[in-house]
Amino acid sequence: MRVDPEVVPRPRPDRRSAALHRAQVAVLARHAARRRPLTVVDVGSGRQCWGERLVAEFGGPVVGVDRDRGPRVRSGCEAVLARAEALPLADRSVDLVVMVQTAHHLADRRRAFAEAARVLRPDGALLVADAVGATWHELFPTALAAARRRMPDETEVRDEAASAGLCLAARGRLPLAPARRGSEIQVLVAAAVTHQIDTEIAAGLAALAADPERIYPGTVATLLVLGPAAVA
Ligand SMILES: C[S@@+](CC[C@H](N)C(=O)[O-])C[C@H]1O[C@@H](n2cnc3c(N)ncnc32)[C@H](O)[C@@H]1O
């Protein structure tokens with residue numbers, strides 16, 4: 001059984017997504033400087049739809065940097081086509097660099113962290129959060145194992161950031177995905193499980209179909225707050 005991600009409908013953004021984005025931005029704000037405006041760069045911004053919320057919270061400018069998307073400007077949020085390893089931004093020009101679900105994608109994390117360190121102001125912060133595995137991913141063990149292999153652990157991230165002169169200042173918790181019903185997860189499977197074997201897709205989808213009302217808890221990631229000066 002092959003599931004084509006192009007033909008499987010994705011759940012539309014709903015009230016839970018809006019609530020999630022509000023909660024995420026509130027967590028980011030808790031770990032940023034209090035003054036406003038702040039300049040924010042979202043590295044690996046992808047389809048992230050929280051740019052406008054970042055503008056509202058931090059006063060902008062907000063720049064989304066992604067190797068696959070841009071350029072686009074929407075409500076004060078500018079999308080730029082660039083690599084995390086070569087940010088097209090001036091030294092000491094940014095207050096907050098955000099990397100959510102991005103660090104594990106980067107070809108050269110040390111270089112990307114060095115770039116974040118270069119562009120950050122002395123009281124700025126780099127916020128890194130990566131996680132795999134909402135509870136329902138357990139239904140697709142091969143994909144889950146493959147995704148976990150790609151994830152850097154916290155020690156790796158801290159060591160790599162330290163080599164760029166960024167030290168751990170604090171740790172937080174960042175919600176990444178809302179709880180979902182089994183019936184909703186069925187339409188997410190194609191996008192989420194890429195290293196999949198057919199029998200597992202079938203078994204996982206059968207388990208979801210057998211109990212479509214079951215609620216699978218969402219995902220919360222550890223947020224690492226890294227700053228140019230050691231505060232911890
Ligand atoms: C899993 S998505 C995360 C998107 C978004 N941050 C979120 O939380 O929904 C990872 C994104 O990182 C981008 N990416 C991967 N490597 C990159 C690089 N070297 N420089 C810039 N963006 C990169 C990908 O194109 C993709 O959009």
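Predicted model: local features only at pLDDT ≥ 70, side-chain atom pairs only at ≥ 80, totals over all residues.
Biologist: OK, what share of the residues count as buried?
Modeller: That's 45% of the chain's 232 residues.

Biologist: And how many helices and strands are there?
Modeller: Eight helices and ten strands. For contacts with a separation of 6 or more, 74% are between residues 24 or more positions apart.

Biologist: Which atoms of the ligand do glutamate 85 and valine 100 sit by?
Modeller: Nitrogen, in both cases. For glutamate 85, a side-chain N or O atom is 2.9 Å from a ligand nitrogen. With valine 100, a polar backbone atom is 2.8 Å from a ligand nitrogen. Then there's aspartate 68, with a polar side-chain atom 3.3 Å from a ligand oxygen.

Biologist: How much of the ligand does the protein cover?
Modeller: 83% of the 600 Å² of accessible area the ligand has on its own.

Biologist: Where is the confidence lowest and highest among the elements?
Modeller: Strand β3, residues 72–74, is lowest with a mean pLDDT of 62, while helix α3, residues 109–119, is highest at 98. Residues 1–10 have pLDDT below 50, and that stretch makes 16 contacts in the model beyond near neighbours in sequence.

Biologist: What's the chain average?
Modeller: A pLDDT of 86, and 85% of the residues score at least 70.

Conventions
Residues numbered from 1 in each chain as written. Heavy atoms only, no water. Polar contact = N/O pair within 3.5 Å; in protein donor to acceptor, adjacent residues only side chain to side chain. Areas by Shrake-Rupley, 256 points an atom, 1.4 Å probe, with all protein chains shown as cover. pLDDT = per-residue confidence, 0-100. Helix = DSSP H or I, 4+ residues; strand = E, 2+ residues; numbered from the N terminus. Contact = heavy atoms within 4.5 Å. Buried < 20%, exposed > 50% of the residue type's maximum accessible area, 1.4 Å probe, protein only.
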